[in-house]
Amino acid sequence: MSMLPILQTQDPYLERLPLLLREAFTHYLPEPWHTLSNQLISIVVILSVFGLLFAILTLAERKILGHVQNRPGPNRTGFFGMLQPFADGIKMLTKEDIVPVAADHVLHLLAPVSLLAASILTFAVIPYGKNLVALDINTAALYFFAVGSATELSVFMAGWSSNNKYSLLAAMRALAQLISYELPLIISWIPVVMVASTLSLTRIVSLQSGYSFGVLPHWYVFTPWGFVAFALFMVSALAESNRSPFDLPEAESELIAGHLTEYSGFKYALFFMAEYFGMTALSGMAVSLFLGGWNAPSPYLTFIPSYLWFAVKLLSLLAGFMWIRATFPRLRIDQLTRFAWKFLVPLSLINLVTTAFWILSQNWGHLYFIPRLIITLILIVVPYILLSKKLGRGYAVRTYSYAPQ
Amino acid sequence: MNATLLITIGVTLISSAVALSLRNLIHSVLLLVITWIGICAFYLIFNAEFIAFTQLLVYVGAISMVALFAVLLTRVAPSTNQRNKQSVTRFIYALITGLSLFSLMAFAVLHTDSPKEKVEALPATVYSIGKELTEEYAPALMITGSLLTLAILGSVLLAAHSPQSKENS
């Protein structure tokens, strides 16, 4: 899938397997067709792998939520409910597609399509393995967030074209959330770019290879600023992909599914698909930026091919998303925006300063490593405590009284 | 002139022309988004990846939202379609401003020395771009920033309703 089809023979066989498979397909074709066919194969592989992952994720989510809530979840279709996603797909496809008479028909159709297109485009730049990246460009990280920002437009299109005041209000609410959380999302990964001084994701991932003392991997999440940035990134990613506890844009149980009110059938399924794709892409981005991408967590585990490590990290982050959904109650819109603007944005800006200190103190030597670590921690922890105290003022610990005493 | 460039120019120009002629403001803004994507493609064709994706992030992601919110949140006055004395003077002012801006830009474009032979493109790393922006092109950056601030202040002033005019109407 790589743009550079260099087969490094020193790599183990399993590492080269995807490229060898591609070679088996393409070597019958004449030479000038190779680039085109390689890219086509990349597209087909990405679409089928993530399409299948979407199906599995919906089932896994329902199963996990079910077990957390002490019920079995879907278990009637096939063994262990395995065929449930396909049954859902058939149901969605055969459902009647209802478009309101007064709706803007073209935009009503374009909204889910453009949303899905934008979320699929983000998969192009993520390095899935040592030699597996569909599009290796110098500004990959910027590309990812630039394409991802088009989702806001689709939400607006969906809300406005429905010609329903509830849809439009919900679209405004969703946009307020998406815009508020896009800022901390983007500021939180800038420290990685500052340290790596590149926007290329393959370069960022390869900078995180190597181990201190032969055990601790050089992942950015293990540095003080990296840990904070990772936490901020994941919280913002949760909000950006409209996941619980930030699922106010949709909130099917109380806000009549927000901007999706007038959607049914396969168009609704497309929105659903885009949400899962967005979640997967942002998790893949978090893996590449902070969790060392496809690098193995220990030098003794490098015999397992890189793409499997990427898959393990990606799936554990996605499982985390589902766990959070099962655990936390939904926020209110004022709490949501206050949390973004008064807490996440200042904290991510302070993290920029901390990272600048970390970079400037790089040549302090080994002797000063502990003071350097302590100063960095103070730079993060003190504002965190101050901000959380200020934000929580007036919201004292609640005392619940269920019965008159 | 290759086919990609021609298609990009065509899409950009046609979408902006249609956007100007439409009555529905929301449709115009959405067509302008296509224009902005066309400009992004234009940058990409000339290998300016960084500015292309920044264009996408800023215009498609942010400016489009500002425009859409502005359309939705501003109250359409009942006398929009009527021509009164004020709108005629405003039209003249707008024409003068637009023409002077256009002539200024045309002057700048025509009088800039463009290198005749092919120039070797610098590696556009984040580091080099940041260095250029904060050292050599810092005044340009600051002038652009203050210009944008002025534009925002001006638009707020235009849109703001003073309490006095409310009493009159």
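Which helix gives the most to the lining of the largest cavity? In this predicted model, that helix is H10(A), with eight residues.

**View 1. The largest cavity and the residues around its centre.** The largest cavity holds about 440 Å³ of space. Its lining comprises 29 residues, of which Leu115(A), Thr151(A), Glu240(A), Ser241(A) and Gly278(A) are the closest to the centre.

**View 2. Helices of chain A that contribute to the cavity lining.** At least two lining residues come from each of H4 (105-121), H5 (140-148), H6 (151-161), H7 (165-196) and H10 (265-289) of chain A. By class, the lining is made up of 16 nonpolar, nine polar and four charged residues.

**View 3. The interface of chain A and chain B.** Contact involves 26 residues of chain A and 20 residues of chain B. The two chains bury about 2,000 Å² between them, and carbon and sulfur atoms give 83% of this area. On the chain A side, Leu142(A), Leu153(A) and Phe156(A) lose the most area to chain B, together accounting for 27% of what that side buries.

**View 4. Polar contacts and contributing helices at the interface.** H5, H6 and H7 of chain A each give two or more residues to the side that touches chain B, and H7(A) gives the most, with seven residues. The residues on this side of chain A divide into 19 nonpolar, four polar and three charged.

Notes. Residues are numbered from 1 along each chain as its sequence is written. Chains are lettered from A and ligands numbered from 1 in the order in which they are written. This is a predicted model: local features need pLDDT of at least 70, side-chain atom pairs count only at pLDDT 80 or more; totals for chains, interfaces and linings use all residues. Side-chain values use heavy atoms; hydrogens and water are left out. On a 1 Å grid over the protein atoms alone, a cavity is a set of points where a 1.4 Å probe fits but cannot get out, and a pocket is an open set with protein on both sides within 12 Å along at least five of seven lines; lining residues have an atom within 4 Å of a point. Grid points are joined across faces, edges and corners, and a volume is the space filled by probe spheres set on the points. Helices (H or I, at least four residues) and strands (E, at least two) are DSSP runs, numbered from the N terminus. Ala, Val, Leu, Ile, Met, Phe, Trp, Tyr, Cys and Pro count as nonpolar, Asp, Glu, Lys and Arg as charged, and the others, Gly among them, as polar. Contact means heavy atoms within 4.5 Å. Buried area is the accessible area (1.4 Å probe) that two parts lose on being put together, summed over both. A polar contact is a pair of N or O atoms within 3.5 Å; within protein, one must be able to donate a hydrogen and the other to accept it, and residues adjacent in sequence count only if both atoms are side-chain atoms.
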